[in-house]
Amino acid sequence: MKKLFASLGLMFALLSPGMTLAQEAAAPVEDAAAVETVTAVAVDAAAPVPDKGDTAWMMVSTLLVVLMIVPGVALFYGGLVRAKNMLSVLTQVMAIFCLIAILWAVYGYSLAFGDGGGLNWAIGDLSKLFLAGITPASTAATFTKGVVIPEFSFVAFQLSFAAITVALIVGGLAERVKFSALLLFGALWFTFSYLPIAHMVWASGGYLFSKGDLDFAGGTVVHINAGVAALVGAIALGKRIGLGRDAMPPHSLPMTMIGASLLWVGWFGFNAGSNLEATGGAALAFINTILATAAAGLAWMFAEWLLRGKPSMLGVASGVVAGLVAITPAAGLVGPMGGIALGAVAGVVCLWGVTGLKKALGYDDSLDVFGIHGIGGIIGAIGTGVFVSPALGGVGVADYSMAGQVVTQATGVLITVAWSGVVSLVLFKLIDLSIGLRVTEEQEREGLDTASHGERAYTL
């Protein structure tokens, strides 16, 4: 027995140093792992890494907005004009997209989202001229602290917004504007109206951003801005020859239906993509883009049915676009029932805008850009101040009061109307004095497809 205890004691004596050495050898490894963990946490805190899901959603959203422009806007507008002007509208929309895409990369992004120093209330700077300093590793902030997306994806997404805004103006000038004048106006208006309004509303330090103006996806920046420019342009150009005397029906309502459908599909990227993250906020904007649009389409249809005795396809399609416009500034801020209310109001009021208001004032906004985008944008912008209320299902904002927020929203509307109106009027007048705005009477009667572009949409 003594020999057994002696053997056990010797074994423990021999094992103990080994165990101690093993523990001592393991300690540096554990310490190193702890250091690596702390370092990784520090790196993550210093430089957030974009989530692959958010990145993928932003690229898909950008593609959807491009779909809205070409072919969405192009086909919607193209079907509404006479056959002899079909290709002119398609060309104008596509050329404007190309033009604004390049200008955005050259200086637009920098001026819209840069820090303008003493002028930061209205415009950014040129620190990112030609996209200087932006690399695949660059990131842009989202609405959640510490969450970022690749800056190139943000640049591309905002590029599509700028392009569609300028393209929308085509509808107010269709069938009589000179192609060269349109391109010149598009470049100048983008510079002096779109970029300042976008900066004031969406950039940190912008005047309306600082005041608490809510514009989730572009009610003021895109729709009111473009709608007012189209209205001013329609007045500056004058009425189309034969308006009120000659029949000017849309030449292809099926094409307009296809365009409206593509707009609705693309608008999910427009609205839900503006959340900048693939989260519940994007889902809210997504469902609102369905419900508000459906409500507006039905409201326009039933109102037209009541007034004219028949519901038209063009009426339903126009109501759908009106609903898309109205929900844009509110998409991620109001509840689904608030979205339905906004859409229903927009459907009825925009019908009045393209009929009663247009007739009373006597302007020739060829494809009703102001009646749908201008008026729909105003309804959506001001309505956001109401339906963002948590009591009405909205997400709420800090220090919210309905009256105060409505005043803020109305201020944003008035500033946008005044800014776009003045800039547009000055530019149209200068262009008219220099190269001329309108094609000749002979060219207008011939049709812009052949007169401006030397081709025809249809050969029968």
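Helices H2, H4, H9 (253-272) and H13 (369-387) each supply at least two residues of the lining of the largest cavity. The structure is a predicted model, in which local features need pLDDT of at least 70, side-chain atom pairs count only at pLDDT 80 or more, and totals for chains, interfaces and linings use all residues. Residues are numbered from 1 along each chain as its sequence is written, and side-chain values use heavy atoms, with hydrogens and water left out.

**Terms**

- Rolling a probe the size of a water molecule over the atoms shows where empty space is left.
- On a 1 Å grid over the protein atoms alone, a cavity is a set of points where a 1.4 Å probe fits but cannot get out, whereas a pocket is an open set with protein on both sides within 12 Å along at least five of seven lines; lining residues have an atom within 4 Å of a point.
- Grid points are joined across faces, edges and corners, and a volume is the space filled by probe spheres set on the points.
- Helices (H or I, at least four residues) and strands (E, at least two) are DSSP runs, numbered from the N terminus.
- Ala, Val, Leu, Ile, Met, Phe, Trp, Tyr, Cys and Pro count as nonpolar, Asp, Glu, Lys and Arg as charged, and the others, Gly among them, as polar.

**The cavity**

- The count comes to one cavity of 30 Å³ or more.
- The largest cavity has a volume of about 100 Å³, and of its 14 lining residues, Tyr77, Leu168, Leu263, Val321 and His373 are the closest to its centre.
- H2 provides the largest share of this cavity's lining, with four residues.
- The lining of the largest cavity divides into eleven nonpolar residues, two polar and one charged.

**The largest pocket**

- The largest pocket holds about 990 Å³ of space; 40 residues line this pocket, and Phe143, Trp202, Ala203, Phe209 and Leu276 are the closest to its centre.
- Two or more lining residues come from each of helix H3 (86-113), strand E1 (139-141), helix H4 (151-168) and helix H6 (179-202), and H4 gives the largest share, five residues.
- By class, this lining has 18 nonpolar, 15 polar and seven charged residues.

**The second largest pocket**

- About 820 Å³ of space lies in the second largest pocket, where Arg240, Val354, Lys358, Ser366 and Asp368 are the closest to the centre among 30 lining residues.
- Helix H2 (52-80), helix H10 (280-308), helix H11 (313-327) and helix H12 (336-361) give two or more residues to this lining, with the largest share, five residues, coming from H12.
- The lining of the second largest pocket has 13 nonpolar, seven polar and ten charged residues.
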